[in-house]
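Biologist: I am new to this structure and would like to go through it by question and answer. Please show it first.

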Amino acid sequence: MQKYINLAVAKGRLADTAVKALEGMEICFNDYSSNSRKLIHMDQKKRVRLVLVKADDVPTYVEQGAADIGIVGKDTLLESMASVYEMMDLEFGKCKFVVAALKDYVENVQRKTYVATKYVYVAKEFFKRKGKSVEIIKLNGSVELAPIMGLADMIVDIVETGTTLRENGLVIVEEICPVSARLIVNKASLKTKGDIIETMIQQLRPNQKREEV
Ligand code: PRP
């Protein structure tokens, strides 16, 4: 009997799109719905077990082999130090990394610039490349609040529709890079379950190159 493939997917918006993409490959999780609190869903016929985890935990599940493959945003992957294969760009869950500030923000060159973000690595690398010294303040969410509350001058965050920035009076100062969902694979699973994983990849989208992150 074919082994189960354990697939870890980031809960929320990405999971909805991922489940739809998998349906296109006739992998179906009949009891999945976006408002369900169930964390494991099975396709008994195709032998795929879907586990819904926090986005930040997807690379960890895959690195440790608790999941064979994962679907996670490139934003999370860039921050993660996990040793996994990034197999393909799934081209959904598209958004972008940006630097944003309040509409009327003017830089004060007399003092340091404070940047609030969930993405410390991405922010550090971005400002390092620009040769600009900034102070990074790590937050865990709702970072748009930081400039409003005087906690930071700017933010580094992902923007999808732009609604959160707009509704909080912030504007994009600079775009950093595009972001989309990626398929990641556990290194050992690629050997032990390689055939099944390769088939899934081919069905999701052919002619992709493998890169190590
Ligand atoms: C993300 C991001 C922005 C928002 C952008 O937050 O950090 O706040 O989405 O989306 P938009 O451009 O479509 O408005 P998320 O919803 O993940 O919550 P968080 O702020 O708690 O991280």
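**Contacts between and within the domains**

Modeller: R13 and E160 form a salt bridge, with 2.2 Å between the closest N and O atoms; a salt bridge here is a side-chain nitrogen of Lys or Arg within 4 Å of a carboxyl oxygen of Asp or Glu. This is a predicted model, where local features need pLDDT of at least 70, side-chain atom pairs count only at pLDDT 80 or more, and totals for chains, interfaces and linings use all residues. Residues are numbered from 1 along each chain as its sequence is written, and side-chain values use heavy atoms, with hydrogens and water left out.

Biologist: How many residues apart in sequence are the parts that R13 and E160 tie together?

Modeller: R13 lies in helix 1 (residues 13–23), and E160 in the loop between strand 9 (154–159) and helix 6 (163–167), so the pair ties together parts separated in sequence by 147 residues. Helices (H or I, at least four residues) and strands (E, at least two) are DSSP runs, numbered from the N terminus.

Biologist: What distance separates the centres of domain 1 and domain 2?

Modeller: The domain assignment, automatic or from a database, gives domain 1 as 5–93 + 180–212 and domain 2 as 95–178. Taken over C-alpha atoms, their centres are separated by 29 Å.

Biologist: Which residues of domain 1 lose the most area to domain 2?

Modeller: The two domains bury about 710 Å² between them, 54% of it on carbon and sulfur atoms. Buried area is the accessible area (1.4 Å probe) that two parts lose on being put together, summed over both. Together giving 64% of what the domain 1 side buries, the residues that lose the most are D75, L78 and E79.

Biologist: How many salt bridges are counted between domain 1 and domain 2?

Modeller: By this rule the count comes to 12 salt bridges. Between domain 1 and domain 2, the count is one.

Biologist: Are the rings of F97 and Y119 stacked or edge-to-face?

Modeller: Rings of Phe, Tyr and Trp (its six-membered ring) pair if their centres lie within 6.5 Å; planes under 30 degrees apart count as stacked, over 60 as edge-to-face and the rest as tilted. The count comes to two aromatic pairs. The ring centres of F97 and Y119 are 4.8 Å apart and their planes are at 85°, so the pair is edge-to-face.
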